[in-house]
Amino acid sequence: MDRIEWMLEEFRTRYWDFHALHFSSLYTDRGSHYFFTPKAGGKVDKDKPTQVGRALKQLGIQHIPSYSPEARGRMERLFQTLQGRLPQELRLAGIGSVAEANRHIREVFLPAFNAQFAVTATEDGSSFVPWAGGDLAEILCIQEERQVGKDNCVRYKGRSLQIPAQTHRHHFVKATVAVKEYPQGRLAIFHAPRCLARYATDGTTPDTQIAAA
């Protein structure tokens, strides 16, 4: 699982599935996992979204890139705090695995960090709203466009995905489809909103019973 896949999966399993909340905008730095920037230090190209940008757009979340030195300074100070403090805490706690580190961060570090640095809101209530959209697994995954070949197959990362017979169409030759890659490597092919097939990690056997996540 590469960094982008990890980010999407973490967002789904650690935040969205747990809180089931939706928000209107997300303010981030201009890292390459968030935005495509044609020229270093220049404006981002919102017409060429990254996987993260595409997912946020599908969720209806405005993605705001930071340009001001003040905003970037706040982010850098936070990163410096986390990078300078957290590794030392993990070492002193004898943490030896990723699972132990995640548990320590969730159960020990974050509660203590928030207790020390969190600021009480000036108004009661929450600006978050419950998520009322579709299946998040179909959004928070890798999505790439492909053109179906003359053999009614789709090539994806060295695999040839055979589209099975469909009742509503004889073939999809030259059609543009979306290949979705879920956690653990499972795949699916979509033509517009219609799912044509789901595949196991080897990509060889279509199986309509395979769950998306």
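Predicted model: local features only at pLDDT ≥ 70, side-chain atom pairs only at ≥ 80, totals over all residues.
Residues are numbered from 1 along each chain as its sequence is written, and side-chain values use heavy atoms, leaving out hydrogens and water.

**View 1. Arg198 pairs with Glu138 in a salt bridge.** A salt bridge here is a side-chain nitrogen of Lys or Arg within 4 Å of a carboxyl oxygen of Asp or Glu. For Arg198 and Glu138, the closest N and O atoms are 2.7 Å apart. The pair links distant parts of the chain, 60 residues apart: Arg198 sits in strand S10 (residues 194-199), and Glu138 lies in the loop between strand S4 (129-130) and strand S5 (142-147). Strands are DSSP runs of E with at least two residues, numbered from the N terminus. Both Arg198 and Glu138 are buried (under 20% relative accessible area; exposed is over 50%, partly exposed in between, with a 1.4 Å probe and protein chains only).

**View 2. Glu138, Lys180 and Arg198 form a network.** Look for the salt bridges that link these three residues.

**View 3. Glu144 meets Arg146.** Their side chains form a salt bridge at 3.0 Å, N to O. Glu144 is partly exposed, at 27% relative accessible area, and Arg146 is partly exposed at 24%.

**View 4. Asp151 joins Arg155.** The closest N and O atoms of this salt bridge are 2.8 Å apart. Asp151 is partly exposed at 37% relative accessibility, as is Arg155 at 45%.

Technical notes:
Helix = DSSP H or I, 4+ residues; strand = E, 2+ residues; numbered from the N terminus.
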